[in-house]
Amino acid sequence: MGKKKQIIISKEDAVFWMDENGVWRNEHGRFEHHKIIKYFNESIAKDDNGYYVYQTTDEFEEKVYFPCEETAVFVVDIKIGKTIRLILNTMKTSAFEDGRLFSKNDNLYLETDAHLIKFTSQALIKLSRFMKDQDGQMVLDINGCVYPVQSDED
């Protein structure tokens with residue numbers, strides 16, 4: 001069995017992109033087919049050149065780098081139990097405690113070693129009941145644990 005052909009498409013040559021809300025788009029507008037969206041999200045990876053979608057077949061391996069604003073990783077759901085698990089658009093999970101929370105331009109982010117993760121509006125709605133003002137600073141008070149939200153406002 002020979003080595004698979006490698007296909008690499010640059011960000012400049014990609015025919016799709018992800019907008020600031022985590023929505024896949026091309027020249028015709030937003031992607032509508034849920035299976036395609038799920039497939040793209042699950043294949044997101046990152047290296048030194050940026051974010052890309054990856055697929056492999058028996059014949060080839062393909063990386064398509066794509067433009068995105070700030071990040072391609074989004075919190076789409078939150079599971080709150082004894083621990084707090086963030087469900088990402090990539091279908092992976094992340095621990096809430098694994099990064100620095102901050103707000104910028106009315107958006108909430110979690111900065112981790114691997115990614116800058118942006119919270120979608122649906123995730124923010126779930127978190128809203130835990131948001132509190134503590135001595136002039138926004139915090140999330142969940143299960144008795146307080147998580148400060150730093151402000152990176154310009």
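Modeller: A pocket is found on a 1 Å grid over the protein atoms alone: it is an open set of points with protein on both sides within 12 Å along at least five of seven lines, and its lining residues have an atom within 4 Å of a point. Points are joined across faces, edges and corners, and a volume is the space filled by probe spheres set on the points. This is a predicted model, in which local features need pLDDT of at least 70 and side-chain atom pairs count only at pLDDT 80 or more, while totals for chains, interfaces and linings use all residues. Residues are numbered from 1 along each chain as its sequence is written, and side-chain values use heavy atoms, with hydrogens and water left out.

The largest pocket has a volume of about 520 Å³. By type, the lining divides into eight nonpolar, eight polar and four charged residues; Ala, Val, Leu, Ile, Met, Phe, Trp, Tyr, Cys and Pro count as nonpolar, Asp, Glu, Lys and Arg as charged, and the others, Gly among them, as polar.

Helices (H or I, at least four residues) and strands (E, at least two) are DSSP runs, numbered from the N terminus. On that basis, α1 (34-42), β8, β13 and α2 each supply at least two residues of the lining. The largest share, four residues, comes from α1.

Now the nonpolar core, meaning a set of buried Ala, Val, Leu, Ile, Met, Phe, Trp, Tyr and Cys residues joined through side-chain atoms within 4.5 Å. Buried means under 20% relative accessible area, with a 1.4 Å probe and protein chains only. The largest such core has 32 residues, and W24, F66, F96, L101, F119 and L140 have the most contacts inside it. Among the elements that give two or more residues to this core are β8 (73-80), β13 (116-119) and α2 (121-128). The largest share of the core, four residues, comes from β8.

For comparison, the second largest pocket has a volume of about 160 Å³. It is lined by 13 residues, of which L88, T90, K92, A114 and H115 are the closest to its centre. Two or more residues of this lining come from each of β5 (44-47) and β10 (93-95), and β5 gives the most, three residues.

How values were computed. Buried means under 20% relative accessible area, exposed over 50%, partly exposed in between (1.4 Å probe, protein chains only). On a 1 Å grid over the protein atoms alone, a cavity is a set of points where a 1.4 Å probe fits but cannot get out, and a pocket is an open set with protein on both sides within 12 Å along at least five of seven lines; lining residues have an atom within 4 Å of a point.
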